[in-house]
Amino acid sequence: MDIPLFFLISGALLLGKQESYETVWKKRIQRILVLIFAACLVAYLLLGERPLSAGVFFRQLLSGTVHVSHWYLYAYLGYLIFLPILRKIANQITARDIMVLTGLRIFFAPFMMTLNYWLGYLGLEPLVLSGSLTVP
């Protein structure tokens, strides 16, 4: 519950700011990169495999596997990278667009679940649109 609330509040606060790509990079992305590096370094030093290895640390840092609890930092970094684009979308979206997107969500989520249920019942593999994209 805490992480979605963090994203909700962060997004609400950031969408109102009109910043260029350069400003977002300097003010936000660089800071989160330093935070990710520091948090992952501390976790690796305390919990990492022995013997410690700089190569292993950097591989795990780039893949996001230093410590599982840091996933939200990588997710937040992704939001920050797309923030200027998301801001443009948020400024142009209409109430009708929101209704269409909500309707698509309401239709497709149960449809996919039902389809996958029946595919499983028939002994077939479930239909997966993307293994790393889930819409709650």
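Let's start with Arg 87, which sits in helix 4. The model you are looking at is a predicted one. Arg 87 has a relative accessible area of 3%, so it counts as buried, given that buried means under 20%. Setting aside residues up to four places away in sequence, Arg 87 touches Leu 14, Leu 15, Lys 17, Gln 18 and Glu 19.

Side chains of opposite charge can pair when their charged atoms come close. How many salt bridges are there? The count comes to two, and Glu 19 takes part in the one with Lys 27 and in the one with Arg 28.

In the pairing of Glu 19 with Lys 27, the N to O distance is 3.4 Å. In the pairing of Glu 19 with Arg 28, the closest N and O atoms are 2.9 Å apart. Through shared partners, these salt bridges join Glu 19, Lys 27 and Arg 28 into one network. Are these three residues buried or exposed? Glu 19 is buried, at 13% relative accessible area, and Arg 28 is buried as well, at 15%. Lys 27, at 36%, is partly exposed.

## Arg 28 in helix 2

Arg 28 belongs to helix 2. Which residues does Arg 28 contact, leaving aside neighbours within four places in sequence? They are Leu 14, Lys 17, Glu 19, Thr 23 and Leu 80.

## Helix 2 against helix 4

Helix 2 covers residues 21–47 and helix 4 covers residues 71–92; their axes come within 9 Å and cross at roughly 170 degrees. An angle over 145 degrees counts as roughly antiparallel, so that is how helix 2 runs relative to helix 4.

On the helix 2 side, the residues that meet helix 4 are Tyr 21, Val 24, Arg 28, Ile 29, Ile 32, Leu 33, Leu 35, Ile 36, Ala 39 and Cys 40. On the helix 4 side, they are Leu 73, Tyr 74, Tyr 76, Leu 77, Leu 80, Ile 81, Leu 83, Pro 84, Ile 85 and Lys 88. Sorted by class, this contact has 18 nonpolar residues, two charged residues and no polar ones.

## The largest nonpolar core

In soluble globular proteins, nonpolar side chains tend to be buried together. Here, the largest nonpolar core has 17 residues, and Ile 32, Ile 36 and Val 66 have the most contacts inside it. Which elements give two or more residues to this core? They are helix 1 (2–15), helix 2, helix 3 (54–63) and helix 4. Helix 2 gives the most, with seven residues.

Not counting residues up to four places away in sequence, Ile 36 touches Leu 61, Leu 73, Tyr 74 and Leu 77. Among these, Leu 73, Tyr 74 and Leu 77 are listed on the helix 4 side of the contact with helix 2.

## Partly exposed and exposed positions

Ala 75 lies in helix 4 and is partly exposed, with a relative accessible area of 26%. Ala 75 and Thr 102 are 27 residues apart in sequence, and their C-alpha atoms are 23 Å apart in space.

Helix 5 spans residues 95–121 and holds Leu 104. At 42% relative accessibility, Leu 104 counts as partly exposed. From Leu 104 to Lys 27, the C-alpha to C-alpha distance is 36 Å, with a sequence separation of 77 residues.

Tyr 121 is in helix 5 as well. Is Tyr 121 buried or exposed? Its relative accessible area is 58%, and it is exposed. Tyr 121 and Ser 20 are 101 residues apart along the chain, and their C-alpha atoms are separated by 51 Å.

Note on methods
Residues numbered from 1 in each chain as written. Predicted model: local features only at pLDDT ≥ 70, side-chain atom pairs only at ≥ 80, totals over all residues. Heavy atoms only, no water. Axes fitted to C-alpha atoms, helices over the stretch in contact; angles between N-to-C directions. Helix = DSSP H or I, 4+ residues; strand = E, 2+ residues; numbered from the N terminus. Parallel < 35°, antiparallel > 145°, perpendicular 65-115°, else oblique. Contact = heavy atoms within 4.5 Å. Nonpolar A, V, L, I, M, F, W, Y, C, P; charged D, E, K, R; others polar. Salt bridge = Lys/Arg side-chain N within 4 Å of Asp/Glu carboxyl O. Buried < 20%, exposed > 50% of the residue type's maximum accessible area, 1.4 Å probe, protein only. Core = buried A, V, L, I, M, F, W, Y, C linked by side-chain atoms within 4.5 Å.
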